[in-house]
Amino acid sequence: MTSNLRQAALFLIGGEALLAIMGALIKYLSESLSTEQIVFFRNAAGLIILMPLILRQGTTLLKTSVWHWHLMRGLVGVSAMYCYFWALGHMPLTEAFLVKLSSPFFMPLIGLLWLGERAGKYSIAAVFVGFAGVACILRPDDSTFTFIALVALLGAFLAALAKVTIRRMSETESSQTIVFYFGVIAALVSAPGAAVTWQPVSADLWGWILLLGLVATLGQLALTRAYRTAPTGKVGVYAYSAVLYGALMGWLIWDEIPMWTTWLGASLIIAAGFINLYKPSKKA
């Protein structure tokens, strides 16, 4: 169990790094394209990246006995994507990442109510320590919880539900099948919105769009593998690593200098990860 948790943690940390790069690309593209276009391009480009895998595995990739869970995951996931992508285009990168960090808080509750997964006392402690870290970073006040932040928070809840749905399908579905069906459903669902809000795409943006699809697809594969390897309530805490990536890119690209409270919060988040990593085998 400890070995599985460590493996899942590595996949999740790597996946969050890739999705952090995706977030930076989305923020950049939001200056020229609509949110609906970016959501569609992210999924369409992801399908293009998956084509070699599709051609190699053929119809094996399409076999599933839980198509309804794929549909649910696709609809919930693309809804979360709209919320998150829109927030990225309307708030600083670091703040958007921090609001997204509330997603793991929903996951143990959803996992308990839906899958019957009970987190041990150390996992619960990790969630509380992680919450304290995010509270330090966000410094809640009247100006923090704006409409934009609430949209991002809704996206975080929907993302948590989508991730628990992955866990629900993990017994019968491969990571590749899950990601493939999500890409197809999300691309189809997002196409009408992209058509209605279409804006001209300059030639220099296509390379960034393809890179967006690449890092998003690889990140999704890594996260899917993580949530198939370990229980949702235990592995979700490692999504907190996103705050470190957000702070780093915000500093290097957008000259955002993290406050001392950000470093305090990051330290608590890292501590939460260690609590969850080294203590889960002990019985509550």
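Student: What makes Ser190 a bend in helix 8?

Tutor: In this predicted model, the bend at Ser190 is about 35 degrees, and the proline Pro192 follows within four residues. The angle is taken between axes fitted to the seven residues ending at a position and the seven starting there.

Student: How do you know that the length of helix 8 is close to the expected one?

Tutor: Helix 8 has 22 residues, and from first to last C-alpha it reaches 32 Å. The expected figure at 1.5 Å a residue is 32 Å.

Student: Where is the kink in helix 2, and which proline does it precede?

Tutor: The kink lies at Leu50, is about 45 degrees, and comes shortly before Pro52. As for the length of helix 2 (residues 35-57), its 23 residues should span 33 Å at 1.5 Å a residue, and the end C-alpha atoms are 33 Å apart, so the two agree.

Student: Why are helix 8 and helix 9 called oblique to each other?

Tutor: Helix 8 (residues 175-196) and helix 9 (residues 205-229) have axes that cross at roughly 130 degrees and come within 9 Å. Roughly perpendicular covers 65 to 115 degrees and roughly antiparallel begins over 145. The pair is therefore oblique, and its crossing is right-handed.

Student: Which residues of helix 8 and helix 9 meet?

Tutor: From helix 8 they are Ser175, Gln176, Ile178 and Val179; from helix 9, Thr217, Gln220, Leu221, Thr224, Arg225 and Arg228. By class, this contact has three nonpolar, five polar and two charged residues.

Student: Why does the term oblique apply to helix 7 and helix 9?

Tutor: Their axes cross at roughly 60 degrees and come within 8 Å. Roughly parallel requires an angle under 35 degrees, and roughly perpendicular runs from 65 to 115. Helix 7 and helix 9 are therefore oblique, with a right-handed crossing. Lys163, Ile166 and Arg167 of helix 7 contact Gln220, Leu223, Thr224, Tyr227, Arg228 and Thr229 of helix 9. The classes in this contact are three nonpolar, three polar and three charged.

Student: What makes helix 3 and helix 7 roughly antiparallel?

Tutor: The axes of helix 3 (residues 67-90) and helix 7 (residues 147-169) come within 8 Å and cross at roughly 150 degrees. The cut-off for roughly antiparallel is over 145 degrees, so the term applies to helix 3 and helix 7. Their crossing is left-handed. The residues of this contact comprise 18 nonpolar, six polar and two charged.

Terms used:
Residues are numbered from 1 along each chain as its sequence is written. This is a predicted model: local features need pLDDT of at least 70, side-chain atom pairs count only at pLDDT 80 or more; totals for chains, interfaces and linings use all residues. Side-chain values use heavy atoms; hydrogens and water are left out. Axes are lines fitted to C-alpha atoms, for helices over the stretch in contact, and angles run from 0 to 180 degrees between N-to-C directions. Helices (H or I, at least four residues) and strands (E, at least two) are DSSP runs, numbered from the N terminus. A crossing is left-handed if the near helix is turned anticlockwise from the far one by less than a right angle, and right-handed if clockwise. Contact means heavy atoms within 4.5 Å. Ala, Val, Leu, Ile, Met, Phe, Trp, Tyr, Cys and Pro count as nonpolar, Asp, Glu, Lys and Arg as charged, and the others, Gly among them, as polar. The expected span of a helix is 1.5 Å times one less than its number of residues.
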